[in-house]
Amino acid sequence: MGILLDDVVLIEHGKNSGDPTVVTVNCPDKAGLGCDLCRIILEFGLYITRGDISTDGKWCYIVLWVVPRPISLKIDWESLKTRLVSVCPSCMISFFIEPQSSSSQHHPIYLLKVFCLDRKGLLHDVTKVLCELELLIQRLKVMTTPDGKVLDLFFITDAMDLLHTKERQDITCEHVSSILGEYCISCELELAGPEYEGQQAFTSLSQSVAEKLFSCELSEKESLETTKAKKNAIVAVDNLLSPAHTLLKIQCIDQKGLIYDILRTSKDCEIRIAYGRISSTVKRYRTMELFVQTTDGKKIIDSERREALCRRLREEMLHPLRVIIASRGPDTELLVANPVELSGKGRPRVFHDVTVALKSLEICVFSAEIGRHSTSEREWEVYRFLLDDSPNFPLASKRARNDIVDGVKRTLMGW
């Protein structure tokens, strides 16, 4: 019993320019499917305006209305459809058979070596090309030499799983070389070897920096700015409305990746969404109604589990990403962290968005790296940038540092 693969994901474009595109997914259900779909949509730079989710535990039907952010962003809709189909359980197999989790899929790691002359915005330009080619950055090492040259080591995977072919490798190097122009000295791509393992553990964080970065407490400045957001970040629980489900009613200020963050948290907390309605944004606020169950098909009766879930959801609504500036010896370092899914995946497009913000602020990056850091509660993906002094943002100035943090955070949150 099944349906044709062409009908698993349907993409219908709006009649008028600027109208949302409707993405419909109709396939067997699996744990965390909504999260996986929203993650891919976020990877493509799409924003979900509203949505409906419905499942009986065996089969699911999901409808999402999406628009590019920014509107000028070019979307490869055929590639998006292929990627969305790839995380759906096989529809040509009876849906009474438990589908294999897509998290078991393994993509080989490749090393992209870019050696070039330094210039403003270089790191973002290369990152943008990789995003457009659907190449995902797993690790990164950027080093600037005293003579004004830069060696970028990008450890990447291919969402299209074609990087083993010479054609795909040549296209990647051509695009990178083209965007760098006369600044490019060499661009090489090869299967990563033992050097990748050496990048798994990056420069350790000091205890004071780690405490500041991963603290759940907002700074005094942030608290003043987000008092309204905190008051309106609401998670209401109702166990009386439905005989079989717990209703979660969520309201908060809208932000980039919000729906992904909510569904990721539900997935990690082993909460199954039976029905959900994602309302359109009204006056910058987003409302979601989710009818949920535990994985064994019951309401969330245990008060401690309810409180823990609400606490996690509120944390994701208030500050899903952490951004600070710290001193690293004589240097100034920007640190950005986001929680990693239990499946081991980090949040999409974080590195891209940070480099967008730094480029717009005309701040040069001396070196950068991506790594993982574990706390007592979860694993984090951490992005570290050593910044060069800028006439517009003298790094010794506390006000300039605050402006950099604010600019990066606003870009990441889509504000």
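**Close-up views of a predicted model**

**View 1. Helix α3 on its sheet.** In this predicted model, helix α3 lies across strands β5 (110-117), β6, β7 (149-158), β15 and β16 (379-387), and its direction runs at about 20° to that of β7. Helix α6 (residues 207-214) also packs on the sheet, where it touches β13, β14 (331-339), β15 and β16, with a direction that makes about 160° with that of β13.

**View 2. The eight-stranded sheet from β8 to β13.** The strands of this open sheet follow the order β8-β5-β7-β6-β15-β16-β14-β13, and their pairing is antiparallel. Strands β8 (184-191) and β13 (322-328) stand at the edges and have a single partner strand each, so one side of each is left without a neighbour in the sheet. On average, and with direction ignored, neighbouring strands of this sheet are turned by 25° against each other. Within the sheet, β6 (residues 135-144) and β15 (residues 365-374) pair in the antiparallel sense over three bridges, and lysine 141 stands opposite glutamate 369 in β15.

View 3. Although β13 stands at an edge of its sheet, five of its seven residues are buried, so the strand is largely enclosed by the rest of the structure. Seven bridges join β13 to β14, and the two strands run antiparallel; arginine 328 has aspartate 331 in β14 as its bridge partner. The hairpin formed by β13 and β14 has two residues between the strands, and glycine 329 takes a positive phi near 65° there.

**View 4. The packing of helices α3 and α4.** The axes of helix α3 (residues 122-132) and helix α4 (residues 166-180) come within 9 Å and cross at roughly 150°. An angle over 145 degrees counts as roughly antiparallel, which makes α3 roughly antiparallel to α4. The crossing of α3 and α4 is right-handed. On the α3 side, Leu122, Asp125, Val126 and Val129 meet His175, Val176, Ile179 and Leu180 of α4, and by class the contact of α3 with α4 has six nonpolar residues, one polar residue and one charged residue.

**View 5. The eight-stranded sheet from β1 to β9.** Another open sheet of eight strands has the order β1-β2-β4-β3-β11-β12-β10-β9, with antiparallel pairing. Its edges are held by β1 (9-12) and β9 (234-238), each with a single partner strand, so one side of each is left without a neighbour in the sheet. Neighbouring strands of this sheet are turned against each other by 25° on average when direction is ignored. Strands β3 (residues 46-55) and β4 (residues 59-68) pair in the antiparallel sense over nine bridges, with valine 63 in β4 as the bridge partner of aspartate 52. Helix α2 (residues 77-87) lies across β1, β2 (21-28), β3 and β4, and runs at about 155° to β1. Helix α10 (residues 303-318) packs on the sheet as well, touching β9, β10 (246-253), β11 (271-278) and β12 (285-294), and its direction makes about 155° with that of β9.

**View 6. Strand β10 and its two partners.** Strand β10 is mostly covered, since six of its eight residues are buried. With β9, β10 pairs in the antiparallel sense over five bridges, and alanine 236 stands opposite lysine 249 in β10. With β12, β10 is joined by eight bridges, again in an antiparallel run; in this pairing isoleucine 250 has methionine 288 in β12 as its bridge partner.

**View 7. The surroundings of alanine 274.** Alanine 274 is found in strand β11, and because its relative accessibility is 12%, it counts as buried. Leaving aside neighbours within four places in sequence, alanine 274 is in contact with Ile53, Ser54, Thr55, His245, Phe291 and Val292. The C-alpha atoms of alanine 274 and glycine 57 are separated by 7.1 Å, while the two residues lie 217 residues apart along the chain.

**View 8. The whole chain as context for the close-ups.** The protein has twelve helices and 16 strands, and buried residues make up 52% of its 415 residues. Among contacts between residues at least 6 apart in sequence, 71% join residues that are at least 24 apart.

Conventions. Residues are numbered from 1 along each chain as its sequence is written. This is a predicted model: local features need pLDDT of at least 70, side-chain atom pairs count only at pLDDT 80 or more; totals for chains, interfaces and linings use all residues. Side-chain values use heavy atoms; hydrogens and water are left out. Axes are lines fitted to C-alpha atoms, for helices over the stretch in contact, and angles run from 0 to 180 degrees between N-to-C directions. Helices (H or I, at least four residues) and strands (E, at least two) are DSSP runs, numbered from the N terminus. Angles under 35 degrees count as roughly parallel, over 145 as roughly antiparallel, 65 to 115 as roughly perpendicular and the rest as oblique. A crossing is left-handed if the near helix is turned anticlockwise from the far one by less than a right angle, and right-handed if clockwise. Contact means heavy atoms within 4.5 Å. Ala, Val, Leu, Ile, Met, Phe, Trp, Tyr, Cys and Pro count as nonpolar, Asp, Glu, Lys and Arg as charged, and the others, Gly among them, as polar. Two strands pair if DSSP finds at least two bridges between them. Buried means under 20% relative accessible area, exposed over 50%, partly exposed in between (1.4 Å probe, protein chains only).
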